[in-house]
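Dear colleague,

Please find below the structure that I am handing over to you, together with its sequence. My findings follow directly after it.

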Amino acid sequence: MSVPLPHFVQIEPVGQCNLACRMCPVTLREDGGPGKPPAFMPFETFTRLIDQLPDLTELHLQGLGEPLLHPRFFDMVAYAAARGIEVSTNTNLTALSPRRAEQSVRSGLARMHMSLDAADPAAYEYLRVGARFDRVLRNLGLLVEAKRRCGALFPELRLVAVLMRRTLDGLPALVRFAHQHGVAVLSVQHLAHDFTESTLPEKYAPMREFVDAESVLQVDASHVAGVFEQASALAVELGVELRLPRISNEGKPRRGCDWPWRGAYVAYSGQAMPCCMVATPDRVNFGNMARDGVERIWDNDAYNDFRERLASDAPPEICSGCAVYRGVF
């Protein structure tokens with residue numbers, strides 16, 4: 001095998017979501033968007049994939065869909081954790097319940113990244129269409145209480161915020177929110193996309209326009225720096241670990257990307273994609289790991305050709321416009 005099997009894998013348990021966030025392409029999926037038939041990875045498929053990865057040490061259970069919609073999500077966590085694998089996930093926190101909060105603590109989940117872009121209910125609900133801020137707040141409380149009741153250190157709870165023009169000035173308030181609700185880490189990331197290919201379907205245009213309009217990369221850098229400075233000072237005062245992105249990409253050489261060598265990304269359907277930024281397998285995939293086996297797909301001609309082009313001065317078009325490839329993140 002020319003490329004060793006990965007130690008890190010991201011698996012999408014669910015290919016659909018209960019929300020229709022304005023910056024997410026999940027609503028554009030032909031196979032798993034809202035209102036369409038269930039798009040869940042069978043538990044047996046999941047275990048078969050894990051069993052083919054003997055050196056796996058890290059597993060992230062998340063894709064475009066909401067992982068906690070899967071009826072056997074915590075069985076997936078427990079199966080991997082029993083093998084000593086560090087398991088993490090992302091969630092919009094809307095599908096939690098008291099029982100599932102308890103399962104979050106007892107399943108072996110190491111880390112839960114919770115998407116919350118603003119501490120202001122109106123701004124949050126505008127961006128996360130279909131969500132209710134009060135329900136998210138309640139569910140966060142259920143998690144904190146379940147950890148307290150069980151005397152548990154895990155899962156580690158982290159807030160993840162996508163930075164936008166309409167949420168930028170509210171960043172200090174989000175730092176205070178994290179502190180008030182017992183969350184020690186707040187990670188902030190740019191709103192960005194890689195939708196620059198000339199062959200991109202027209203259906204992506206409205207989302208691309210929204211992202212371009214809301215990105216803070218075009219906001220006056222001195223204003224962004226001022227907000228970041230204020231939020232950082234408050235984070236230090238309150239003991240919140242605040243992780244901020246670069247203000248701009250000016251003067252930074254292309255970093256490139258090592259995803260296809262170090263990690264696999266598998267859709268709920270079993271199709272292997274280069275990374276999570278690709279979003280949907282209809283844009284590019286290398287074959288079906290669930291059907292044909294992990295090793296066979298990981299080292300096939302399509303995957304290796306993609307790696308060679310990514311390492312060259314003429315990367316695949318789907319990568320050349322990517323914010324990660326360009327070093328924005």
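A residue is called buried here when its relative accessible area is under 20%. Please bear in mind throughout that this is a predicted model.

**Helix α7 and its surroundings**

By that criterion, helix α7 (residues 171-180) has as its buried residues Leu171, Pro172, Leu174, Val175, Phe177 and Ala178. The elements that cover them include the helices α5 (133-150), α6 (165-168) and α9 (221-238), along with the strands β5 (156-163), β6 (185-190) and β7 (241-243). After α7 comes Gly182, with a positive phi near 75 degrees.

**The sheet**

The strands β5, β6 and β7 belong to an open sheet of 9 strands, whose order is β7-β6-β5-β4-β3-β2-β1-β8-β9 and whose pairing is mixed. β7 and β9 (272-273) each have a single partner strand and stand at the edges, so one side of each lacks a neighbour in the sheet.

In one of them, β5 and β6 run parallel and are joined by 6 bridges; Ala161 has Val188 in β6 as its bridge partner. Helix α5 lies across β4 (111-115) and β5, and runs at about 155 degrees to β5.

The other region involves β8. β1 and β8 pair in the parallel sense over 4 bridges, and the bridge partner of Gln10 in β8 is Tyr265. β8 also pairs with β9, here in the antiparallel sense and over 2 bridges, with Tyr265 standing opposite Met273 in β9. The hairpin of β8 and β9 has 5 residues between the strands, and Gly270 in this hairpin takes a positive phi near 95 degrees. Within β8, Gly263 and Tyr265 point one way while Ala264 and Val266 point the other way, and all of them are buried.

Which residues make the contact between α1 and α2? On the α1 side they are Phe43, Phe46, Thr47, Ile50 and Asp51, and on the α2 side Asp75, Met76 and Tyr79. Helix α1 (residues 43-51) packs against α2 at an angle of about 20 degrees, and their axes are 10 Å apart. An angle under 35 degrees counts as roughly parallel, and α1 and α2 are therefore roughly parallel to each other. The crossing in which α1 passes α2 is right-handed.

The buried residues of α1 are Phe43, Thr45, Phe46, Thr47, Leu49 and Ile50. Among the elements that cover them are β1 (8-11), β2 (58-61), α2, β8 (263-266), α11 (289-292) and α12 (294-298).

Tyr79 lies in helix α2 (residues 73-81). With a relative accessibility of 29%, Tyr79 counts as partly exposed. Leaving aside residues up to four places away in sequence, Tyr79 touches Phe43, Phe46, Thr47, Ile50 and Asp51. Between Tyr79 and Ala123 there are 38 Å in space, C-alpha to C-alpha, for a separation of 44 residues in sequence.

A further helix pair is formed by α3 (residues 98-106) and α5, whose axes come within 9 Å and cross at roughly 50 degrees. These two helices are therefore oblique to each other. Their contact is made by Pro98, Ala101, Glu102, Ser104, Val105 and Arg106 of α3, together with Leu142, Leu143, Ala146, Lys147, Arg149 and Cys150 of α5. Here too, in the passage of α3 by α5, the crossing is right-handed.

**The nonpolar core**

The largest nonpolar core has 100 residues, and those with the most contacts inside it are Ile11, Phe46, Leu59, Leu61, Met114, Leu186 and Met289. α9 contributes the largest share of this core, namely 7 residues. Residues up to four places away in sequence not being counted, Leu61 touches Ile11, Pro13, Phe46, Pro67, Phe73, Met76, Val77, Val87, Ser88, Thr89 and Asn90.

**Phe210**

Phe210 and Arg22 are 188 residues apart in sequence, yet 7.3 Å apart in space, C-alpha to C-alpha. Arg22 is one of the residues that Phe210 touches, the others being Met23, Tyr126, Leu127, Met164 and Leu191, again not counting residues up to four places away in sequence.

With kind regards

Notes. Residues numbered from 1 in each chain as written. Predicted model: local features only at pLDDT ≥ 70, side-chain atom pairs only at ≥ 80, totals over all residues. Heavy atoms only, no water. Buried < 20%, exposed > 50% of the residue type's maximum accessible area, 1.4 Å probe, protein only. Contact = heavy atoms within 4.5 Å. Pairing = 2+ DSSP bridges. Axes fitted to C-alpha atoms, helices over the stretch in contact; angles between N-to-C directions. Core = buried A, V, L, I, M, F, W, Y, C linked by side-chain atoms within 4.5 Å. Parallel < 35°, antiparallel > 145°, perpendicular 65-115°, else oblique. Left-handed = near helix turned anticlockwise from the far one by under 90°.
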